[in-house]
Amino acid sequence: MKNNFGTCHICGKYAKLTSEHLPPKSTGNNKLIRCYLYDQIFSPDHLPGKRKLLDFKTHRIQGGFRMNTLCESCNKFTGSNYVPAYSNFSNRVFNAMNNMSTAPQLGDTLHFQAKIIPLNFFKQALSIFCSVLDPATVTLYGFKDFILTRDSSTLPEKPFSLHMYLVPTNGASKNLPATGMVSPKSGKQMLFSEFASPPFGFILNLTPQDACISFPNLLEFVNFKFNESATLEFNLPLLNPREMPLSFDGWKDKLVFSPSGVVPVASPNTA
Ligand SMILES: [Zn+2]
């Protein structure tokens with residue numbers, strides 16, 4: 001039998017790790033998925049002019065995408081405190097996108113107002129990144145106390161930014177651990193992680209001093225209290241996660257979005 005003991009990605013304790021659905025199962029992540037692995041994505045065969053990603057063989061996972069990353073306590077804590085708000089907003093946006101009279105096109109910016117519980121949603125999105133990232137990075141960025149203290153609105157000291165875009169409801173998912181690249185803007189090394197599953201895509205910028213990622217930053221959600229709901233106005237770009245960030249340069253030249261797509265809320269909480 002598989003040994004499922006390891007370091008919990010949130011609390012850092014060595015414990016039996018439980019299966020964490022990414023995104024939560026209640027968003028519909030419970031079906032057969034087909035995925036590509038990194039050695040395929042980064043294969044020398046997968047370069048412009050060579051094989052397209054779609055030509056590679058996919059791996060099948062039954063029952064939705066999940067990883068053994070969290071101890072039972074952290075899994076239950078995020079599951080009861082943050083998942084309902086995340087799933088609720090995700091399902092409403094998903095249904096709204098499916099019911100639009102004209103299907104939105106990639107590259108469009110979608111404007112809408114929606115009710116959300118911002119802090120809960122933000123903490124669940126960050127919890128997803130705790131599973132995507134390695135435990136050492138989560139510890140380095142101090143996400144543990146912010147996530148495990150339900151009412152905490154104090155961002156960790158080490159700066160980061162969390163950006164959101166929309167993914168077509170029939171679009172691809174993506175799970176990219178911390179990845180370094182040279183910023184096309186400053187020429188400096190930047191570090192980021194990306195997670196996407198319809199209808200949302202998120203980019204966690206771990207080097208926010210380089211403001212290379214220009215779409216809506218969710219840090220303002222931290223100005224709300226736990227369980228406090230709000231009706232917010234969103235301006236979110238619709239993108240194909242499969243194209244990012246491997247073609248980051250091309251993407252950035254083509255698509256420029258408003259840096260403050262989430263309004264109206266109080267001034268950003270800059271830690
Ligand atoms: Zn834990």
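**The four-stranded sheet**

Begin by selecting strands E7, E10, E9 and E8, which in that order form an open, antiparallel sheet. Strands here are DSSP runs of E with at least two residues, helices are runs of H or I with at least four residues, and both are numbered from the N terminus. Two strands pair if DSSP finds at least two bridges between them. The edges are strand E7 (161–166) and strand E8 (174–182), each of which pairs on one side only. From one strand to the next, the twist averages 20 degrees.

This is a predicted model, in which local features need pLDDT of at least 70 and side-chain atom pairs count only at pLDDT 80 or more, while totals for chains, interfaces and linings use all residues. Residues are numbered from 1 along each chain as its sequence is written.

Next, select residues 189–197 (strand E9) and 200–205 (strand E10), which are joined in the antiparallel sense by six bridges. Phe-192 has Asn-205 in E10 as its bridge partner.

**The core**

Which residues have the most contacts inside the largest nonpolar core? Select Phe-121 and Phe-202; the core itself has 55 residues. A nonpolar core is a set of buried Ala, Val, Leu, Ile, Met, Phe, Trp, Tyr and Cys residues joined through C-beta atoms within 7 Å; buried denotes 20 or more other C-beta atoms within 10 Å of a residue's own, with C-beta atoms placed from the backbone. Among the elements that each supply at least two residues are helix H3 (83–98), helix H5 (135–141) and helix H6 (143–148). H4 gives the largest share, nine residues.

Centre the view on Phe-121, which touches Ala-85, Tyr-86, Phe-89, Ile-116 and Phe-221, leaving aside residues up to four places away in sequence. Contact requires C-beta atoms, placed from the backbone, within 7 Å.

**The three-stranded sheet**

Finally, select E1, E2 and E5, an open sheet in that order with antiparallel pairing. Strand E1 (5–7) and strand E5 (66–71) each have a single partner strand, so one side of each is left without a neighbour in the sheet. The twist averages 65 degrees from one strand to the next. E1 is joined to strand E2 (residues 14–21) by three bridges, and Phe-5 has Lys-16 as its bridge partner in E2. Helix H2 (residues 72–81) lies across E2 and E5, at about 105 degrees to E5.

Conventions
Axes are lines fitted to C-alpha atoms, for helices over the stretch in contact, and angles run from 0 to 180 degrees between N-to-C directions. Two residues are in contact if their C-beta atoms, placed from the backbone, lie within 7 Å. A residue is buried if 20 or more other C-beta atoms lie within 10 Å of its own, exposed if 12 or fewer, and partly exposed in between; C-beta atoms are placed from the backbone.
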